[in-house]
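Look over the sequence and the model before reading on.

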Amino acid sequence: QVQLVESGGGLVQPGGSLRLSCAFSESVFSLYVMGWYRQAPGKQREVVARISNDNNTYYADSVKGRFTISRDNAKRTVYLQMNSLKPEDTAVYYCNLHVPIPRPMDSWGKGTLVTVSS
């Protein structure tokens, strides 16, 4: 039932910054993890960053120190601030909501394209 809609993707030069947003249709309660994933052509989808209900965060080694995940439950939005972008960051970025109980459920956005190029 939860709908996720990503925005903020686009074309940016190496070293530049972008902020992605993911709006969700329902407030999140109890146990959950929100995450950003990405998929580049010819590669498997990989996790970029995650944030849990108790504010624990995880970052892929490739983005540590450059990306920051955050959320605003009042605005029903999760963000991914991306700084010092590299060409290898080019991918379609997807927002994910995972709820483990009462039964495992996942919701995905349709994705937003980020292209890092001169």
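Which residues does Glu6 touch, not counting residues up to four places away in sequence? They are Ser21, Cys22, Trp36, Tyr93, Tyr94, Cys95, Gly109, Lys110, Gly111 and Thr112. Contact here means heavy atoms within 4.5 Å.

This is a predicted model: local features need pLDDT of at least 70, side-chain atom pairs count only at pLDDT 80 or more, and totals for chains, interfaces and linings use all residues. Residues are numbered from 1 along each chain as its sequence is written, and side-chain values use heavy atoms, with hydrogens and water left out.

Glu6 sits in strand β1. Strands are DSSP runs (E, at least two residues), numbered from the N terminus. An open sheet of four strands runs in the order β1-β3-β8-β7, with antiparallel pairing. Pairing requires at least two DSSP bridges between two strands. The edge strands are β1 (4–7) and β7 (67–72), each pairing on one side only. β7 and β8 (residues 77–82) pair over six bridges. Phe67 stands opposite Met82 in β8.

Thr77 also has its place in a strand, β8. Thr77 counts as buried because its relative accessibility is 10%; buried means under 20% relative accessible area (1.4 Å probe, protein chains only). Its contacts beyond four places in sequence include Ser21, Cys22 and Arg71.

Both side chains make polar contacts, pairs of N or O atoms within 3.5 Å; one must be able to donate a hydrogen and the other to accept it, and residues adjacent in sequence count only if both atoms are side-chain atoms.

| Side chain | Backbone atom | Distance |
|---|---|---|
| Glu6 | nitrogen of Lys110 | 3.0 Å |
| Glu6 | nitrogen of Gly111 | 2.9 Å |
| Thr77 | oxygen of Lys75 | 2.9 Å |

Terms used
Buried < 20%, exposed > 50% of the residue type's maximum accessible area, 1.4 Å probe, protein only.
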